[in-house]
Structures are given as C-alpha cells and as structure tokens.
Amino acid sequence: MVKEFLALLKDKKSRFVIIGPPIIQLLVFGYAATFDLSNVPYAVYNEDGGAAARDLLARFQGSANFQQVATISHDGQIRPVIDDKRAMVVLHVGPRFGRHLALGQPAQLQVIVDGRNSNTAMLVLNYVRSIVTQFNRQWSADHGLAQPPVHLVTRAWFNPNLRSQWFIVPGIIGLLTLVVTMLVTALSVAREREQGTFDQLLVTPLRPVEILIGKALPGLIIGAVEATVIIAVTVLWFDVPLRGSLLTLYAGVGLFLLSAIGVGLMISSMAVTQQQGLLGAFLFLVPAIILSGFATPIANMPVAVQYITLVNPMRYFMVILRGVFLEGTPFHVLVPQLWPMAIVALVSLTLAGWLFRHRMY
Amino acid sequence: MAEQPHTPTAVEARGGGGQRLRGLVRKEFLQILRDPSSIAIAFVMPVVLLLLFGYGVSLDAEHVPIAIVVDHPTAETADFVGAFEHSRYFSPVRLPDMHVAQRALLAGEVDGIVRIRSDFGRRLRTAGGAPVQVLVNGVDANNGRIVSGYVEGVWSQWLQHQAQARGQPLAQPVQVQQRVWFNSQLRSRNFLVPGLIAVIMTLIGALLTALVVAREWERGTMEALMVTPVAVREILLGKVIPYFLLGTGGMALSVAMAVWLFHVPLRGSFWVLFACASLFLLVALGMGMVISTAAKNQFVAGQVAIIVTFLPAFILSGFIFDINSMPRVVALLTHVIPARYFVAQLQTLFLAGDIWSVILPNALALVIMAAVLMGASRRLFRKRLD
C-alpha cells in the first residue's frame, strides 16, 4: 500500500498532473461554463428614428446582457454582420414603428438571430422578449392603455436569479473527482502488467483482496482530498450556497469514489497494455460525463439512452451534489441515489479483484 | 501484446531520402495494423461517441412536465389551462393544491408550477389584470429559464387569441417578430453534432500520437531509430503521415454520420470542410507529439493527454458554452484551445455555408498553431538527444 503511494508520488510529473490541473480547471471552467449570457453583440437597424424607437433601443443599450457593436442603415448589411459573427442579433425597427405605436396598432420589432448555436439563440430571444415586455408595461402605463388581462409572476426556487454558475460548479466537483480517480486507477494495474511487476505481486502470499485494497486506497485518499479542496473552493471562492449537511455530501463523495475506483480498476485489470487501459478509461469517462446530466438534462434524452444512464454512478452523484448544495436535501431523501452507487462499487470492485487472478495472457 | 519486430536497420539498408520515409511510414502502418487499439481509437471511438452524444445530448425540452393548480376552476381558467394542454412543449398535470404541487417540484416530478388563484375571474376584468403565479425549479438554471420562456410563449399566444376573440386591440404595444437564421427550428442537434466532431477529433489526434510515440521512447526504440541516418524531419513525418491518414478516415466517418444519420444540413462545400479538417488534424497530432516527447513515459503522456484535450475542448471551445459571455481573462484563454477555431468553422460550414470571413481567420490561427506545435516537437526531439 505504501508502495502504491510512492509509485504515484515518486514521479514528479505524475504528481503534478494529479494535483495542479484540477484546481486550475475548476477556476477556469467555473467561470467559462455558464449559460448566462453577457455582452451579446448586437446591431441596430433603425428605420424609424422616432422617440419611442429610441426609447426601446435605449433599454438594450442599458442592459448588461447586450452590447451594441454596429449600426446598420440598409437591408443589405444585415447578412454580412451576422455571417461574420460580428453581431449575434440584429434589431430591426421598421419605418412605421412609431406611427403604429401611436395609433394603438401592434408595432413590430424584427429580431434576427444567429442560430448556429441554437441554445444561445434561444436564450438571446428570451432576453429580448423580457426587455420588450418591460417596455410594453411601461408604455401601457404611461399612455393609459389597458394592461394585459393576465400577467405572469415568475419565481425560481433555490436559485432566484437563475445563475447557471450555481448549477454548473457543483457539477464540476463531480467531473474533476471522476477524472482524477480514473487517472490514478485506470492505468495502475495495466502499467504493472506491462512491466511484469504485477505477476510478482500475484505470486506473493498477498490475497487478491489485499492487493485490491492496496490498489484502491491511494485513489480513495487522493480523490477525497481533491474533492475536499474543490468543495472548499466552490463554497469560498464561487459563493455557491451549501445548504445541506456536509455529512450527507461526504456519504455521496465516498460512495462515488468507491464506484469510480471500482470501474477504474476493472478497466485497468482488463487491459493488457497502458494504451488499452487509457482507451478504456476514455471510453468510460466521456459517456459518463455526457450522460450524467452535467450540462444537458437527462430528461431530454431518448428513453433508451435514459436507461443506459442508470448504470452511470456520476448520474446519481450529480443529483446528490446539486441537492445538497442548493436544495439542502436531507439524507433520507437521497438514499435512492446512494444505493445504486453502492451497487456499482460492489460489482466493479469484485470484478476487478476477480480479474486480477483470472485475466492472464 | 504482439511485440513488433522493430528493425531500424532494415529501413537504413534501403537508403535514399524518399525511400527511407516510405519505409518508416510502412513500418508505422504495420504497427497500427498489429495493435488493434489504434484502429479502435480512430474508427470505433468516433462512432460510439457520436451515437452517444448525438442521441444523448439534447437541449430541446419538449413535453416538459408541469403542474397546474387551479384554486377555483371556472370557464375562464379552463380556457387558460387549455392553452398549456395544447402546447407541444408541455405535458401538464392537474394537481389539487399547492402542497402536493410543491412536493412534486421538490421530488423533480415536475419542472414547474403554474398557479391560478381563486380571484382570477374577478381580477381579469380589473385594470391591473389577474396575476398568474409561475414557479420553476432553479437548480438547473438553464432548464429553469427555458421552462419559464416556454410559459411566457404560451401566455402571449393566449393573450393574442383573447384579443382577437373580443375584437379588442392587442394589449402588447410592441411585438417581437423573431427570425432565427441557419437553424429556424432551433434544433440543438444541428449545432451539437458539428461541435462534437471537433471534440472527438481533438481526442483522437492527440491520443493516437501521444501514446504511440511515448511508447517508443519508453522502449528505447526511438533512440535506436535516431542513431540511424534517418533525419529528425523524416522521423516526425513518418509518425505524422500514417496517423494523419487514420484520423482523416475517422473524420470522414464522423461527417458521414452527421449528414446521413443525424440529418445535419451540410451547407458549405465538402472540400472546404475537408481542408479545414486536415488542418485541424495536423494541430491535434502536433499536440500529441509535443505531449509524448515532453513526457517521459506512456503513463504521464496518457494523463496529460486526458487533461489537456477532452475537458478544455468540451468546455472552452464554444461548443456548448458561449465564449462572448465568459469573463475576459477566460475568453482570452480560449484562444490557445485549437478546438475553438475548428468549432467555429464546423458550425459555420454545416449550418451557414462557405463564409470566408469566418473560415479564413480561423484557418490562419490553425496554421500558426500547427507550425508552432510541429516546430516545438522537432526541437524537443533534438533536445532529448543531448
């Protein structure tokens, strides 16, 4: 066991790779991975020039979400400004905008959006609509028009400002913990196999269980330390509220680590070369992240794919992380998320131990 | 593991520059054919990943489960609720009271609650209008925003119908008339699949070379090759050419799947796509070469390759997350991520067409990166000899 630690820490580069990047990545990704838009570049094509149109456009200028990059004076300029990605949105106010508005007829604001990234496009449209809704309310009030007979009062629970950082950053904890554990475990057996030292280990009086523990413990400890550091950064640096109990969180972390280590060791003991080990790690890592609900909701996936996610330990960990951080979910509610991870851990660790002996080549 | 009979002397014996190179390339191909894992990386991985991502990753929410609570049902509320029942974005459930609805929201059974209070009918006719309470679960902020956007859409359509039915002027002075270019259906698959090709290609290019070259260093066969009269340039080319061809094959497969399986429109020309892809592959292979030459062994090379390729390409390339919205420092950082340029090219080529003002600057950035990486790997190669 001590030997495993030494093997890992002896190699200076390997040590650096395991400790440095997760912290840097958390910081960078924590800021980068956001669905909140700011500084959306837009261009204005104002054919009206009246006070009402100016008023409406001023609201866009005043918004932190938008940044005006160009002013357009004829139709032909719309295409190039969007094509070149100089602007994401063109706001087009037609020549009869002010007149329609004054006569009480519906005035059109044409909004042209670059749909190359359809998710961003949809968000931009939502932002535009909410600015226009505010304008409408103000205009109706100022001109004594009837308010719409029904209006919506929207509130978001747990995350009143709908900051996506609060959603993404806890997810990144899971992401980085998984990557680090896989790095530590997935190549460890394969490397010893390749170098022949694993055979030596097998002929010693050590039982497979003992070898398994020796292999699993470093991953567990490094993973736990890493997770703790990342959780601390999440709370202290990113100000994500931690509303649930730490104990519940760590129950999740522990089980998740065990299941990740189990899968890592299983891959590792199946592989004959390090290249195969790495390939296996990748083939697990990438789908595990994509199908975990980290960036895209599992509910949007086709039903068949949703069944696949049931064996993904990361999926359960995501629910626990977000539940404990944002909703303050108590332990007993999270039990349905905990036991599947325990099963994955048990099955994979057993298989790994069995493979130690039976996978001979 | 089939041990390759590695005989640099055979290469040497052939002599002559071009022939030497051909010999090296041939040797590399034989090696690839013997170890199935390289082929797996190049061909099986793109297929598996594209299938998983293409079907698994979707940001289009349809039939969002939503709870509707009506305190005092009347004909007017039924009309409003009907608007939700007819929308394809929602599959509403009627729940008797707020307690049940809140529990359902907490349990994740519904993504939002629309509540109509008992005074709805009365306040409908007052000047202020009737409020309708909308609650969404903000834990998944993006989803929360999408759901509340959908609710707003249903609401404004309902208002329009009401106004038409009564022959009154519409209560909204300004209407938004939206046009989404390039992807009018807002199908998220259309931008995710091209982006995925970039992510997958980063993985393949870097992994393929990182491991293979590091293995030769580890075994000492690289040094053996060095003592032969083969020039460093030839060794590098001998490594790059076979994997370039392998990567191109993987790329062609991915593009074919995108077009025929996922029905992503390819509006740009195939040859421009091919040129951009080749350029990007060179960069990815260069990354792999630098990693493997700088790292001493496969273990470290593998670890570095995982860390510097997948997650940055996934998060910092603009594939899902908008680069404009990142803080300035992070946005600057994305300039060193090669996938960023390729994602921009791919999304434009697939959805918009051959727009040179997007393709050329990004291609230039890729050319510079390829040159820097190849130069660096050549230099590192030399240095390791000293």
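The exercises below, each with a worked solution, concern a predicted model.

Residues are numbered from 1 along each chain as its sequence is written, and chains are lettered from A, with ligands numbered from 1, in the order in which they are written. Because the model is predicted, local features need pLDDT of at least 70 and side-chain atom pairs count only at pLDDT 80 or more, whereas totals for chains, interfaces and linings use all residues.

**Exercise 1. Work out the strand order of the sheet that holds β5(A), and find which strands stand at its edges.**

Step one is to identify the elements, where helices (H or I, at least four residues) and strands (E, at least two) are DSSP runs numbered from the N terminus, and where two strands pair if DSSP finds at least two bridges between them. Step two gives the order β5(A)-β4(B)-β3(B)-β1(B)-β2(B), an open sheet of 5 strands with mixed pairing. It follows that β5 (150-157) of chain A and β2 (90-94) of chain B are the edge strands, since each has a single partner strand, so one side of each is left without a neighbour in the sheet. From one strand to the next, the twist averages 25 degrees.

Step three looks inside the sheet, where β1 (residues 64-70) and β3 (residues 112-116) of chain B pair in the parallel sense over 5 bridges; Ile66(B) has Gly112(B) as its bridge partner in β3(B). Helix α4 (residues 75-85) of chain B packs on this sheet, touching β5 of chain A as well as β1, β2 and β3 of chain B, and its direction makes about 175 degrees with that of β1(B). Here contact requires that the C-beta atoms of two residues, placed from the backbone, lie within 7 Å, while axes are lines fitted to C-alpha atoms, for helices over the stretch in contact, and angles run from 0 to 180 degrees between N-to-C directions.

**Exercise 2. Decide why chain B is more spread out than a compact globule.**

Begin with the composition of chain B, which has 15 helices and 5 strands. Along the principal axes, the C-alpha atoms of chain B fill a box of roughly 95 × 40 × 40 Å.

**Exercise 3. Determine how α7(A) and α14(A) are oriented towards each other.**

The helices α7 (residues 164-186) and α14 (residues 313-327) of chain A pack at about 135 degrees, with their axes 9 Å apart. Angles under 35 degrees count as roughly parallel, over 145 as roughly antiparallel, 65 to 115 as roughly perpendicular and the rest as oblique, and α7(A) and α14(A) are therefore oblique to each other. Residues making the contact include Trp166(A), Phe167(A) and Pro170(A) of α7(A), together with Met314(A), Phe317(A) and Met318(A) of α14(A).

Notes
The radius of gyration is taken over C-alpha atoms; the globule rule is 2.2 Å times the number of residues to the power 0.38.
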